[in-house]
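Me: I would like to learn how to read the features of a model like this one. Please take them one at a time.

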Amino acid sequence: MLRITADVYSGRPNPVADITDEAEVRATLSELTRDRTLFVGPRSSEAQTGGLGLRGFWVETFDDGLARDFDLESRVFLPAGPQAPAGRAAEVAERLITTADWHRAPDTFAGTTPPIGTSSFREFLLGQLASGGRASVADRVEPAGGEQAESPAVTCQIELGAFNPGFWNNDPNVMSSNNCYNYASNWRTNTFAQPGRGCGNMYTQITCDEVTRAALCDGMHHRFDCFPDTEKPRFLVALVVIPGGGDYHWYRKHVEGFWGHKPGPTAARNVDNSGNVIFNPETADRGPYTIFCGYFYGCDSQRKRIN
């Protein structure tokens with residue numbers, strides 16, 4: 001059996017699928033190992049890089065005999081998109097996308113996630129692969145549930161922390177176990193925190209309405225709905241989602257004037273998918289996260305509630 005993990009999400013756990021047919025498993029590994037420059041080992045610094053959107057695939061074997069036959073480690077990473085090496089990487093990635101049964105994805109360490117429609121998810125991944133993961137379309141605003149109109153006449157006191165990516169990036173376990181929601185909340189849980197899970201009412205689908213509802217349940221406020229001083233630190237954060245319900249992503253503003261974020265298990269950073277420093281999350285290159293949901297305030301009780 002082969003287990004395929006698409007490294008593509010930021011907020012939700014990455015989708016996982018198994019290839020169980022023995023003949024297909026061997027054919028896939030044969031394709032993968034024809035050019036060993038295509039993949040890297042689990043401890044390589046090249047693994048878990050890339051921005052928002054498709055970054056690559058983890059390929060895992062569970063049989064030491066199979067690993068020996070193809071001279072593989074138990075887990076290797078095939079980069080996809082702009083960080084992929086030239087050559088057959090896209091061809092092998094397409095084989096993984098079309099062969100794996102994403103509808104029967106096993107639960108991840110973070111628990112059960114909303115179901116993935118096999119056809120639509122395959123189309124999403126193939127679209128990401130064809131675009132090199134860098135395509136972006138015009139932003140459109142989807143009103144979040146209950147969102148108040150932003151009122152510049154209201155002044156709230158907030159805190160802006162210094163950009164400190166080393167806290168999130170220097171320990172591989174911290175980097176892989178914390179996501180964009182952890183980063184936006186500035187709270188390390190090592191649980192890949194999900195909006196609403198801490199308050200016992202997690203989102204049920206990926207829309208602005210639902211992720212907003214879940215984050216408010218954790219204790220966030222809409223922007224200009226002020227918190228008292230007792231809730232310091234009160235961070236300014238922003239929420240975006242992928243059209244069609246794929247995933248969500250969060251940003252947090254820093255005292256330096258730019259915005260930081262952490263795409264899933266990859267490194268925290270202050271640049272967008274085009275490598276530009278993010279001074280406006282509404283206009284930044286956000287890859288497939290093209291729906292901007294709005295701005296929010298985090299607070300101390302909210303960040304200590306997330307899980």
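Reply: Start with contacts: a contact means heavy atoms within 4.5 Å. Among contacts in the protein chain between residues at least 6 apart in sequence, 68% join residues at least 24 apart. This is a predicted model, in which local features need pLDDT of at least 70 and side-chain atom pairs count only at pLDDT 80 or more, while totals for chains, interfaces and linings use all residues. Residues are numbered from 1 along each chain as its sequence is written, and side-chain values use heavy atoms, with hydrogens and water left out.

Me: What is the mean pLDDT of the protein chain?

Reply: pLDDT is the predictor's confidence in each residue, from 0 to 100. Its mean over the protein chain is 85, and 83% of the residues reach 70 or more. Over residues 133–148 pLDDT stays under 50; the model has 40 contacts beyond four places in sequence for this stretch.

Me: How many helices and strands does the protein chain have, and what share of its residues is buried?

Reply: Helices (H or I, at least four residues) and strands (E, at least two) are DSSP runs, numbered from the N terminus. The protein chain has nine helices and ten strands. Buried means under 20% relative accessible area, exposed over 50%, and partly exposed in between (1.4 Å probe, protein chains only). Of the 307 residues in the protein chain, 52% are buried.

Me: Which residues of helix H3 are buried, and where do they lie around the axis?

Reply: Helix H3 covers residues 89–99, and its buried residues are Ala89, Val92, Ala93, Leu96 and Ile97. The arc to look at is that of the directions from the helix axis to the C-beta atoms. Seen down the axis of H3, the buried residues fall within an arc of 140 degrees, so they line one face of the helix.

Me: What covers the buried residues of H8?

Reply: In H8 (residues 208–218), the buried residues are Cys208, Glu210, Val211, Thr212, Ala214, Ala215 and Asp218. Their cover includes helices H7 (180–185) and H9 (300–305), together with strands S6 (221–222), S7 (236–241), S8 and S10. Just after H8, Gly219 has a positive phi of about 125 degrees.

Me: How is a pair of aromatic rings described?

Reply: The description uses the distance of the centres and the angle of the planes. Rings of Phe, Tyr and Trp (its six-membered ring) pair if their centres lie within 6.5 Å; planes under 30 degrees apart count as stacked, over 60 as edge-to-face and the rest as tilted. This structure holds nine aromatic pairs. For Trp58 and Phe77 the centres are 4.8 Å apart and the planes at 55 degrees, so this pair is tilted. Trp58 is in strand S3 (residues 56–61) and Phe77 in strand S4 (residues 75–79), so the pair ties together parts 19 residues apart in sequence. Trp58 is buried at 4% relative accessibility, and Phe77 is buried at 0%.

Me: Which kind of pair do Trp250 and Phe296 form?

Reply: They form an edge-to-face pair, 5.8 Å centre to centre with 65 degrees between the planes. Trp250 lies in strand S8 (residues 248–253) and Phe296 in strand S10 (residues 291–297), so parts 46 residues apart in sequence are tied together. Both Trp250 and Phe296 are buried.

Me: Which ring does the charged end of Arg75 sit over?

Reply: A charge sits over a ring if NZ of Lys or CZ of Arg is within 6 Å of the ring centre and within 35 degrees of the ring normal. The charged end of Arg75 sits over the ring of Trp58, 3.8 Å from its centre.
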